Structure formats: structure tokens, C-alpha cells
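Hi,

Here is the structure I said I'd pass along.

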Amino acid sequence: MHQGTKALEERLDRFIRDRLEPAIYRDPIPLSIQAWQAPREPVPFAFATEQKFDEVSLGWRFGRAWSTIWLKVSGAVPQDWKSEQEDSHAAEIVIDFGYNTSRSGFQAEALAYDLSGVPIKAIAPKNSWLPWSYADKTVEFFLEVAANPDVAGEYTFEPTALGDWDTASEAPLYELKKLHLARRDIQVWELAQDVWTLRGLMLALPAENTRRHLIARALEDMLDAIDPNDVSNSAIEARAKLTDVLNAPANFSSHRIIATGHAHIDSAWLWPIRETVRKCARTFSNVLSLMDEYEDFVFSASSAQHYKWIKEHYPIVFAGIQEKVKAGQWKPVGGMWVECDGNLPGSEAMVRQFVYGQKFFRENFGLQAKEAWLPDSFGYSGSLPQIVRQSAITSFLSQKMSWNQVNRMPHHTFWWEGIDGTRVFTHFPPVDSYISEISGAELAHAEANFSDKGRSTISLVPFGWGDGGGGPTREMIAAARRTGDLEGSPKVKMGSADEFFDQAKAENDNLPVWRGEMYLELHRGVLTTQHRTKHGNRRNEALLREAELWASYATIKLGAAYPSEKLAEIWESILLMQFHDILPGTAIAWVYKEVENRHAQITQELRDIIDSSLKLLANDSSGATASLMRANSTPSSKHNLQALSIGQLENQAKPASISEAKDQVVLDNGILRVSVDRTGRITSLVSISNNRDAIAEGIPANEFQLHNDTPTRWDAWDIDENYRNTKQVLDRVDEFHSRLEDGCAVIETKRHIASPGRPRSTIVQTLRLEPGSNALDIGVEVDWHESEKFLKLAFPIDIHAEEVAAETQFGFVKRPTHVNTSWDFARFETSQHKYLFLEERDWGVAFANDSTYGFDVQRTTESNGATVTNVRFSLLRAPKFPDPEADQGSHSMRFKIRPTATIQDAVHLGYELNTPAIEVLGNRPVEPLVTSAASQVIVETVKLAEDASGDLIVRLYESTGGRCSSLISFAGSASSISLTDFLEAPVSVETTSGDSINLEFRPFQVVTLRVAGLKIG
């Protein structure tokens, strides 16, 4: 007998398509359908169900993009459908909105309600049924149908108008193809699950494998046993032919898999935030329905924000979740407010993701997550191990690194060591997916791909439709059960992430170590796309720091009311907007309209808090005359004004000067001498104290460079390395002006970009040298109208730098400037926060920025053998998908460049630019509430405790990568000073009292203090 399986596969596939799947449902019963079109935004159940509904019939076309339609469905269960038949034929409602069933979501979705408003279950392309009871002879329910457009389509990345209500077409997108009552033949359905599992396993096994051919023969016997004209009555006999191959046990040494139900729900992406609220409700209703039917099913869900939406808008669903958490079936994971970006959030913002996430879990579920859960973020900062471990989390999970373009991560289960030395147990599911359906191909890939064989035998598989939610289905649970102990397959057991991590650690904790950041070799454009959102994020992170500082001080010193509720509301908004498809710039236009407006609103709210707090602090009741003072929120002194204090700025430096020499304009303040040519490029930047020029001779800096930017895929996400092959130097200026202004030497240039078929873009740049300043200030205002272009600002620096230090949360990461290895080559665009620093021995140059996250560094060697390190900041992009108008319009950004700098100077330069002194009218100076004697120890956060105790929380970190001790002093005496973790829980029983505490810091260590009973005289 010939052993090939190709003919069998073809025969089997046609049988499935033409005979098996159509036989699952029988005896369709038509239902009466009425419809009501909701207004633009969704409405509550009670409002919708009071409206006038109109009769519709099958074939009705409905649903302009983003609209909502309510359906009122009624009918009757036939009298001859008896309850005793339910074990063999289940009554179900079958629904089809004319969607593309090849994908799980991104189309019309619906949530069914009973007549009292209790959610029953959701409807989506691969989960399009509702349960009904034979005993309930009357069929009556409502469907809230969301006509969400398929924005991505076939992922051709073509520009689309579907990403915003105002630009989307009014044309209906969907058709009511099916909505009827039917009976599901249980044995036929079970046969379909048997066949699906065995077919997948057969195809995953090698062609020469004996087990593959045994399965093939069993499937062939099944096909011979089935009556193609009476599948229902021959299904049991056909299933019997598969019993032996389904019962054959797995090998003793087979890979083990913990399969946890999951639904990756992007907090916004190809849909607006408001739609995510409903996606959560639909998904979670599905999960609760499955849990009632399958007691061994366990579901893991992250993101406290999602739970809060459900608590507020769907309290019945939330109560069901709480009940299943208590029962152990539902596992809140991640401990974060949302699954945020892994690089862009600032230090304190990343901490607050866990503070607010874990707080919600404690208050609503009585637990804290044990594992960080970031399966889809675009790379991971080297600061995360310390942050997660100080947030009561012991494990970390992701799978995104499997998307690397060039290099494969060497391990799936390992210790991840952060920049400070903290380690966290880490797992990358080798299935390389967070939306598994437990197919034979996926399970085979998980085992074959697992890189830690011999050291470990177990991995995790998150299963369930995701990105747009949906979650697990009963078919996936059936697959998990069938592969629990199946020859040729890994052994699958449904369970929790906790269960997996406990077993993996117990099996072997002597694992390899990966140190530092985990750089994703893909999606490099997310550091630049949607600049206004990134600018708003940076601005409001800085303002939150100031608002908490001054409000805390006003509360402790003067008894002012602390705006805890408003600050929490703002933080929750900021944390949501740091989601990994919002802050990176990869969502639809609708999202950025909302986010930019919310950032502007938050800015005003925070400034109001700051202004009111400063007014209270800087004024007493003496009636003394008020004068103009300044509040310095930075961690360093400025012109004799102490860090974190209010007083007079004493800048007595002489004014800067402007002179002309040949074709150059020279700015000079006695500290720096800056030469600028008539195109606005910097030809020389000299530190007068040592006469060292930071700019390489003959290679001008401050040069705008424009590139074509047409990535192969993922437009808003990606920058392809070949963008460097084209470069237009913008070396022509339309206007050039120099002037003295308030003691500052200023040069202003204006240039235009004229691209064919596009409105003209304008760049206005201001170079400003202030009296007494050791840094040149650079302001850039852009009116941007380019399409698929990438704007860089280049600074060739005359330094032989082997590596560049770029700020990340609570420290910096050093990256090579060369491309010796494939890992170095792949990092052709990398991230920074507020500062960048490069140096030779004893001499460095620091850059600071107020909103620019992406940059690249290249090295060249001149004819004289000198090495030039070319730093280029990524200012703007103009991708066309998913937002065809991304980054169009006005932008502002600022930089500072300081020669003769140290890494500590770079740290403080970043704070100086992002947190400028604030003017306040007052009649008394205010000393710092807290100080650090060691300038390398940064006072990052001063706030009141989350538990409303009135205790002061102070968070500090070592910023330069070196050990030190520092005396931390307070403006008064405290009854207790103790160490806590980020969740403000004690980490030691030891406490002290008084007005200071001496602390030891290891490199990049973060320390949190709880200061109780602080009295200020």
C-alpha cells in the first residue's frame, strides 16, 4: 500500500467543508427581527430598549462604520424539542452578519442581553452562536451590534478613511445573513473536534513518521464509516474509528504545556477607546459563559483599566468576574494599569502602571499579580526587572521578541537582569503567539522551537482570539482536552500562568541570564510616529512630578487639601494613553484626536494644581510685599536657587554677544562660543575653558536631513534600514536673523520644504545662548505636510565614542556606536528619554530633548584618522497607515547641547530642559522639602501615600551607574522614616526618626521612603 497522505488530506478537507461542518446544525427555525439605529455613540441597554424598533428581514444591509444597531429578536422553541434531547442536540441561536470568517475579529461584533439587561454572550466571526434552553419555549433577547469596520483588511497597509467617524463612508458594511434558532448535533460537533485535532497533528508530524500514518489510516477509516448523506446518525460509529489514535498516550519525555485562556485586548488600536470598553464586555461575557460549562478552564486577563471599565459600565459582568476569581478560574495577571509600551513611559509613569494596577487588583479581587504580562509591547527597557520586582512581581512574560528581524533571542526561559543587577524569572512562550487556538501546528512549533530543552520541559501557551478581543472558544477547550495526553503531541493541561511559573522555577532555577534591554528588531518607527502625543506625554509626566511635589508640600506644611482624587484621575488617563498602540503612534486617527485633546486638558489641570500650591507656599499672612520668585522643581540648583525650592534666581552673568566673522555668526557668553553659518548649521561649538571644539572640522552640525520613508510593511510601526539610501540635506534657508534678546544671543532661521503635490512644510529654528549657560538651547517649530518622509537633525561630534549612553527609566543604557555584530547592526534606531551622552576619556557631550525619543548614531573616520560620532535625532515621520494624516500640522520640540559634560551633567540637563523654573508671586522663599547630599542621587518623586495616611512618599535613584551614599534630609522632623517597595509596603522592620536618613545606593538602585509624622516648623 502506498504511504502518501496527500490524497487523504484533500478528501478529508472536502468532507469537512461539504459534509461535516454543514451537519453540525440542523432544524433551523426562523426568528422575528426588529432593529433600531443608535445615534453616533453607544447608549445604555435601558435607553436602547425603550426605543421604537422596525421590522427587518434576512438580507437587510446595515451598519455604516462605527455605528451601533440594536436588534430585538423573538420567536418560539418548537413544542417537539424536548429537554431530554439537550444532551444530544443543544438549542442555539446561529448568527451571521456577513463577515469574513477567516479572521476572528476586526469586524461586526455583538453582545446579547436577556430582557432584564443581563449580558448572555458575545457574537464574533469565529464564535457566532448563543445558547438557549429547551425549557424556555419563548425566544426573546436583544443584540447590541457594533458595526466596526475592518480597518486593516488584508494588511496591505493602504491608506484608509475608515479610521475616523468623520472620514468613514456612510455606506452599510454588513448584511444580516443568518439569525435563526437551530439544534447543534453534539456528536457531529465532537467528531469535528476529533478531526480538527488529529488532522492538525498529522500535518505537523514529519512525512516519514509512523504516528502520522497511523492517524491518516484512522481518519481514512472514519471517512469510510461515515454516511455522507446522514452524518448525524453515523457520527458515533465514525468517532469510534478514531478512538485508538486519540487514546494513544504521549511519550514520557514529551514537552509539557500549560495552556491558559487569554484574550489580548488592545486598549485602542484599529478602533477608538470607547469601543475597547465594549470589546472587554463582549470578551469577558464569553469567558464567564465558558467557565460555567467547563470547570477546568482557566482564564488569564491583564489590565486594571479594562476591569475598571467593566466595573463601571457592566456591574453584573464584573460581579461574575469576582466570583470566578474567588473560585480560581479567573486569574488577573500583569499587575499593570494597561499593557503599556516597554520603552517610552518615564520612570515614575512605569512605576505607577504597577502601583495603580496592583492597587485595583487588591481592592477588587483581594490579590496582587505575581507576573508582569507584556506579550505585545515593542521591546523592553533594561529598567523593567527592578521595577517589576519592586512591585511584588516575581516573573515576566512576553513573546514579542520572536518578531526580531535579524537575531533570534537565545532562550525561552531565563533570568533577565536589569541595569541595576536585579533579576526576574522570564518566559517567552515558544509557541510564538498570544492568540493560539491550540492547533497541531502551534503545538508542534512550541516543542520544536523551545530553545531550553534539557534544562526545562515546560512552556506556556496563551490561547484565545485576541488583539481585538474575543478570547477562548469551546473549540479551543476541546482541543486542549484532546491533547492532554496524545501521542505525537506535547502534553497540554489547562491552567494558570502562576501554575506554569511555579513548575518552571521548581524544575530549574539555574538558568541562563540575559542582561540589559531587550531590543525589538522591528517597529523602530514607534519611537517617532505621532509626535504630538509623545510631546503631550513627556510634558504631562513632568507636570505630574511638579504637581505632586508642590501639593504634598502645601499639605504637610500648611494643611492644604491634597488633590488625591484629581491626581489619581489624571494618572489613570496618562497610564491608559501609554498603552502600546497609543503612545507609540500606531492607532487610528480617532484615537489621536481624543488623546491630544486629553493631554491638553490634563496640562491645564496640572498647571492649576501647581499654581494654587505654589501660591499657598510662597505667601504668608504677614502682608509683606510680593515679588517675582521662581519654583525650581529640578533635582539640581540653578543660579543659586536650590533644587526643589522656591526663591530668587540670581543670574548675574554678563549678557551674551553676537559678532560676525566672514560667513559666520558667532554667539558668545564667556562659557561657550558658537559659530553658525548662513544656512543655520553649527560649524563650531567651543568650550572656552579648555578651548575644545565639539564639532568636527568641516562637518557642520545642526543639519536637517530628509529621507524617503516607505517601509515594506507596518507603516506607522516600521523604519526599514534602507531609508538611509536616500537623503536630502535641507541646506537652504529662506530667512536668517540674529539678535540680542533679554541678554541672550539668538539666531533664527526659516526654511521651506517643497515636495511635489504637497502643501509646503516650514521649519523655524531658534538657537539661543543664555547668559551664564553652559548649554546651547535649540528650538524647532515645524508646520509639517510631508508624506512618507523622515526628518532627522544631525550633530556630527568630534568624539571617538565607543558607545552612547541614552536615558531610560531610572538610569541609562549604553549601546555600541559600531556595527561589529548582527546585534549591533540591527539597532539602527534606538530609544532615549530626556538625555543622551557620549564621551572620550574625561571629556563628553550631553544632549537633552523635550519630546524626541528616537535617534541613531553612526561613526565615520576622517582622512586624518579622527573618528566622528554622528548623532541624529528623529524629529518627524509621515506614515499613511493606519492614520493617513499622521503627524500633519504643527509641532514644537527643544534640545540642549552641552560640551565638556559628564554623565551627571547630562542627567541634570535633561531635568533642566523638561522642568523649567516656574514664576510665582510670593513674599517668602521656601526651602526644599527633601534634599539629597549626593548630586548623583535624584529625588524623582515626592507625593503623599496611596493609603490616604498623610505619610510622605519619596522615591530616589542613583543616576550615574556608580555606588554611593547620600544623606537624605527633610524640612522638618519625622516620627518614622522607613523603606518600602513601589507599592508602599514595608521592605524592612527597621525604621528611624528625625530629619534625615543616610542611604547606600548601588548603581541605578531605586529607593522609596515612607516618611510619617513629618512636622515642619
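**What I found**

Thr830 stands opposite Phe855 in β42. Keep in mind that this is a predicted model. The pair belongs to β39 and strand β42 (residues 854-861), which run antiparallel to each other and are joined over two bridges.

Zooming out from there, both strands sit in an open sheet of six, with antiparallel pairing and the order β31-β30-β36-β43-β42-β39. The edges are taken by β31 (728-729) and β39 (830-831); each has a single partner strand, so one side of each has no neighbour in the sheet.

Next, strand β13 (residues 256-262). Is it buried or exposed? Six of its seven residues are buried, so the rest of the structure largely encloses β13. Its pairings are these:

- With strand β20 (residues 458-463), β13 pairs in the parallel sense over six bridges, and Ile257 stands opposite Ser459.
- With strand β21 (residues 491-494), the pairing of β13 is parallel too, over four bridges; here Arg256 has Lys491 as its bridge partner.
- With strand β14 (residues 299-301), β13 makes a parallel pairing over two bridges, where the bridge partner of His262 is Ser300.

On to a helix pair. Helix α3 (residues 186-204) and helix α12 (residues 440-449) have axes that come within 7 Å and cross at roughly 45 degrees. An angle between 35 and 65 degrees counts as oblique, and α3 and α12 are therefore oblique to each other. Which residues make the contact? From α3 they are Gly200, Leu201 and Ala204, and from α12 they are Gly440, Ala441 and Ala444. By type, the residues of this contact divide into four nonpolar, two polar and no charged.

Last, the nonpolar cores. The largest has 220 residues, and Trp330 and Leu1009 are the ones that touch the most other members. Helix α17 (residues 589-617) gives this core its largest share, 10 residues. Another core, of 49 residues, lies apart from the largest one, and its members include Leu685, Ile778, Leu793 and Val804.

That's the lot from me.

Cheers

Notes. Residues numbered from 1 in each chain as written. Predicted model: local features only at pLDDT ≥ 70, side-chain atom pairs only at ≥ 80, totals over all residues. Heavy atoms only, no water. Pairing = 2+ DSSP bridges. Axes fitted to C-alpha atoms, helices over the stretch in contact; angles between N-to-C directions. Parallel < 35°, antiparallel > 145°, perpendicular 65-115°, else oblique. Contact = heavy atoms within 4.5 Å. Nonpolar A, V, L, I, M, F, W, Y, C, P; charged D, E, K, R; others polar. Buried < 20%, exposed > 50% of the residue type's maximum accessible area, 1.4 Å probe, protein only. Core = buried A, V, L, I, M, F, W, Y, C linked by side-chain atoms within 4.5 Å.
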